[in-house]
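Please read it alongside the sequence and the coordinates.

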Amino acid sequence: MAEPSTPLADLLLHPIRWRIIQRVLGREVTTTDLRHDLPDVAATTLYRHVAALIDGGVLTVVRERRIRGAVERTLTVDQSTDVAHIEEDEARAMTPDQHRRALLLMLTQLTADYDRIVEHGYLDSRREQFGYNQVSLYVDSDDLDTLRRGLQALVEPYLRAAPGKDRITLSTVSLPDT
């Protein structure tokens, strides 16, 4: 992957780019798919943000094909390389406001995903795939590192699409107690 020219936090903290990443995560989608999934985003704006995510190394073009003189790209995010994860040194350099915006973006997207499930009537028919939970843990920094590595190892087999498998989004947040 090329060295990103824009800090990853700057790429991820833009609301439209965040929505694009959420739609692509765990999938291969075309730019046409994105236009369909994000109808409120103007096409030129969408293509500009897709280009920024490609340039920043967040999105990868896996295929290109010509359609009536235009090139349609198929995009993905390689979840196994944790490309959409802000590294510790960059996270330390972020301001409290940037962290607040990042969390707000995630929560906003989570709320939008929930609303979409309810609007499509999937809440009852797919209840076994839906849930939310919050638990308090008592850890030191080594425990937390072990927990994070264990969670990554646990979810790794489920990061790729497979026949008969439905896509779900698993969101986790860890916050220190005050």
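Strand 2 (residues 60–67) and strand 3 (residues 70–76) pair in the antiparallel sense over seven bridges, where pairing requires that DSSP finds at least two bridges between two strands. Helices (H or I, at least four residues) and strands (E, at least two) are DSSP runs, numbered from the N terminus. This is a predicted model, in which local features need pLDDT of at least 70 and side-chain atom pairs count only at pLDDT 80 or more, while totals for chains, interfaces and linings use all residues. Residues are numbered from 1 along each chain as its sequence is written, and side-chain values use heavy atoms, with hydrogens and water left out.

**The sheet and its hairpin**

The open sheet has three strands in the order 1-3-2, with antiparallel pairing. Strand 1 (28–30) and strand 2 stand at the edges with a single partner strand each, so one side of each has no neighbour in the sheet. From one strand to the next, the twist averages 25°, an angle taken between N-to-C directions on a scale from 0 to 180 degrees, with axes fitted as lines to C-alpha atoms. Strand 1 pairs with strand 3 in the antiparallel sense over three bridges, and within this pairing T30 has T74 of strand 3 as its bridge partner.

The hairpin of strand 2 and strand 3 has two residues between the strands, and R68 takes a positive phi near 50° there. Most residues other than glycine have a negative phi. R68 is not a glycine, yet its phi is positive; the residue lies in the loop between strand 2 and strand 3 and counts as exposed, at 82% relative accessibility. In these terms, buried means under 20% relative accessible area, exposed over 50%, and partly exposed in between, computed with a 1.4 Å probe and protein chains only.

**Charged pairs**

Side chains of opposite charge can pair when their charged atoms come close. A salt bridge is taken here as a side-chain nitrogen of Lys or Arg within 4 Å of a carboxyl oxygen of Asp or Glu, and by this rule the count comes to five. The table lists some of them.

| Salt bridge | N to O distance |
|---|---|
| R23 and D37 | 3.5 Å |
| E28 and R63 | 2.8 Å |
| E72 and R65 | 3.3 Å |

R23 counts as buried at 12% relative accessibility, whereas D37 is partly exposed at 29%. E28 and R63 meet in another salt bridge, which also links distant parts of the chain, E28 being in strand 1 and R63 in strand 2, 35 residues apart. E28 is partly exposed with a relative accessible area of 44%, and R63 is partly exposed with 45%. E72 and R65 form a salt bridge, and E72 is also the bridge partner of R65 in strand 3; E72 is buried at 10% relative accessible area, while R65 is exposed at 51%.

Helix 2 (residues 15–24) is mostly covered, with eight of its ten residues buried, among them W18, I20, I21 and R23. G26 follows helix 2 and has a positive phi, near 80°. T31 is found in helix 3 (residues 31–37) and is buried, with a relative accessible area of 6%. Not counting residues up to four places away in sequence, T31 touches L46, Y47, E72, R73 and L75, where contact means heavy atoms within 4.5 Å.

**Surface and the chain as a whole**

V135, L137, V139, L147, L151 and L154 form a nonpolar patch on the surface, with about 540 Å² of accessible area together. Patches are made of residues with over 30% relative accessible area and no salt bridge, with like charges joined within 9 Å and nonpolar side chains (Val, Leu, Ile, Met, Phe, Trp, Tyr) within 5 Å. L137 sits in the loop between helix 7 (122–125) and helix 8 (141–155) and is exposed, with a relative accessible area of 51%.

The protein chain has eight helices and three strands. Of its 178 residues, 25% count as buried, and the chain exposes about 12,900 Å², of which carbon and sulfur atoms supply 53%; accessible areas come from the Shrake-Rupley method with a 1.4 Å probe, and for residues only the protein chains shown count as cover.
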